[in-house]
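Subject: A structure to look at, with notes

Dear colleague,

Here is the structure that I promised to hand over, and my notes on it follow below. Please keep it open beside you while you read.

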Amino acid sequence: MPESPRMLCCLFMAGCAIMLTPSDALKSLNTSGLVTSKEEARISNHLVCEMSGDSIAVTGEKLLKQLSQCQHLTPDQTKAIQQIFSGGNTSFGPPSTWTSSVLDQLGQLILIPDTRILQSIPQNVLKPWLQNFILHSDLPQNQLVRIREILKSSRTKREIENCPEDKMIREDILNDDLIDELLLYTPAHLKLCLTKGNLVNNISAFSDYPFTDEQLTAVKDKLDEIFPKGYPPAVFSNLGLLEKRIDTENIKQWTINSSSTVHALLNSVSSDELRIAVIQRYIESRVQIDSDFLNVLGPYICLLNEDQLSMITERTIGMATLLDPSNCSSAVKDHLYPKAKRAFSDRHYEYSEYYKRIRPFLGGAPGEDLRALSKNDVNMDIQTFLGLKSSSLKELTPEIVKGLLGTNLNDLRDNQNIPLVREWIQKQKQSDLNSLGLGLRGGLPEGFIILTRPKKQD
């Protein structure tokens with residue numbers, strides 16, 4: 001073995017014993033660091049791949065070619081290589097002048113430079129080189145895919161920086177047949193060329209024409225750019241298909257500080273998830289909920305959580321006129337009924353008016369309050385009756401139910417197979433049911449005694 005390879009081999013194999021780092025071993029060669037044979041190249045490559053990041057940074061570009069042959073580079077080594085590229089003082093020249101031969105010399109190191117450097121490489125050089133590199137490289141595909149994605153986004157950014165003159169959109173283009181031309185616009189051109197005026201004034205047009213999902217997303221992105229704090233009501237009420245591209249993260253960034261904006265939003269979005277986000281955004285900085293907001297909520301009051309319900313006072317319930325919790329959960333009705341009862345207590349002896357106001361809240365009423373209502377000819381409709389609590393209904397006798405329903409009593413027969421009514425029937429004496437004259441069957445026969453099995457003693 002020639003002298004230089006022998007020295008390299010000894011230094012490499014016994015480096016720990018003589019306390020030499022790989023870079024010290026390279027400096028010890030009589031060749032001043034130049035590799036002059038295949039044996040020296042093979043051994044020196046091993047040494048280079050073991051060098052620390054600091055040692056690589058000191059050598060500059062001298063070892064880049066050998067580093068490109070290393071099967072694995074540590075984060076420390078990778079950082080050092082990035083510093084060398086970022087310095088710009090290499091014999092390869094600026095990235096904008098790199099050729100395929102330069103890329104061949106760099107090999108896998110092309111995966112290391114930051115995005116700015118990659119975007120500077122001529123695309124007609126980098127793209128075909130990458131395609132060939134992907135076909136013949138043993139590197140993980142995820143590394144190659146990452147570079148291709150970076151290149152794809154950078155190309156789009158460079159290709160379109162300003163709206164081309166022939167793509168300029170006139171203020172009236174969405175009002176005439178020229179809107180058909182927009183169907184041919186790329187998403188990038190739509191986002192770049194739409195203006196606040198021609199977009200906001202004609203927003204509904206984007207729901208009437210067969211735009212692609214990508215085009216609609218571009219329009220939505222443009223709206224976000226124009227209105228970073230939220231869309232005005234004129235846009236909310238005409239979103240159409242664009243509404244499907246709004247998510248809770250958008251709403252969290254918006255300024256929603258008026259009942260009119262809440263009203264427009266609640267009627268524009270199509271999911272309760274978005275409505276909940278709108279409600280939360282509006283009331284998150286408030287101590288109480290006012291009556292205007294309750295009127296806007298209407299049936300959407302069912303979406304309030306326990307903390308939000310606690311912000312509703314008796315006074316605001318009394319002032320609200322469009323509030324309707326009749327289809328809410330039992331928990332919401334139970335929370336609101338006591339407040340509503342107190343809010344309307346001044347009309348307790350005007351039963352027609354009192355019942356009109358309390359009716360939407362009766363799903364939270366206890367049995368004793370329903371018994372009181374039955375004495376006042378309220379003629380409860382069957383839908384309100386079917387919304388009563390099961391536990392409260394069980395306390396009512398057929399005679400009290402007759403007083404509640406009044407002229408609507410026959411509707412009970414038509415709904416006798418509904419679980420709530422069926423369960424009530426089974427708890428009543430058949431003779432009492434017969435007194436209603438509805439032909440209801442399934443009650444308890446005369447003399448029937450219900451025995452409760454005693455609990456076993458532990």
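Which handedness does the disulfide of Cys302 and Cys328 have, given the torsion about its S-S bond? That torsion is about -85°, so this disulfide is left-handed.

Before going further, please note that this is a predicted model, in which local features need pLDDT of at least 70 and side-chain atom pairs count only at pLDDT 80 or more, while totals for chains, interfaces and linings use all residues. Residues are numbered from 1 along each chain as its sequence is written, and side-chain values use heavy atoms, with hydrogens and water left out.

The disulfides

(Helices are DSSP runs of H or I with at least four residues, and strands are runs of E with at least two, numbered from the N terminus.) Cys328 is buried, with a relative accessible area of 7%, whereas Cys302 counts as partly exposed at 27%; buried means under 20% relative accessible area, exposed over 50%, and partly exposed in between, with a 1.4 Å probe and protein chains only.

The other disulfide joins Cys163 and Cys193, with their sulfur atoms 2.1 Å apart, and with 105° about the S-S bond this link is right-handed. Cys163 lies in the loop between helix 11 (141-159) and helix 12 (179-182), while Cys193 belongs to helix 13 (residues 187-193), so the pair ties together parts that are 30 residues apart in sequence. Cys193 is buried, at 4% relative accessible area.

Two helices side by side

The axes of helix 19 (residues 259-268) and helix 20 (residues 272-283) come within 10 Å and cross at roughly 170°, where axes are lines fitted to C-alpha atoms, for helices over the stretch in contact, and angles run from 0 to 180 degrees between N-to-C directions. The two helices are therefore roughly antiparallel to each other, a description used for angles over 145 degrees, with under 35 roughly parallel, 65 to 115 roughly perpendicular and the rest oblique. Ser259, Val262, Leu265 and Leu266 of helix 19 meet Arg275, Val278, Ile279 and Tyr282 of helix 20, and contact means heavy atoms within 4.5 Å.

A covered helix

Helix 29 is mostly covered, since six of its eight residues are buried, namely Pro398, Ile400, Val401, Gly403, Leu404 and Leu405. Among the elements that cover these buried residues are helix 26 (367-373) and helix 31 (419-426). Gly406, which follows helix 29, has a positive phi near 55°.

Confidence

The mean pLDDT of the protein is 78, and 76% of its residues reach 70 or more; pLDDT is the predictor's confidence in each residue, from 0 to 100. Where pLDDT is low, the predicted coordinates should not be read in detail.

With best wishes

Terms used:
A disulfide is a pair of cysteine sulfur atoms within 2.5 Å.
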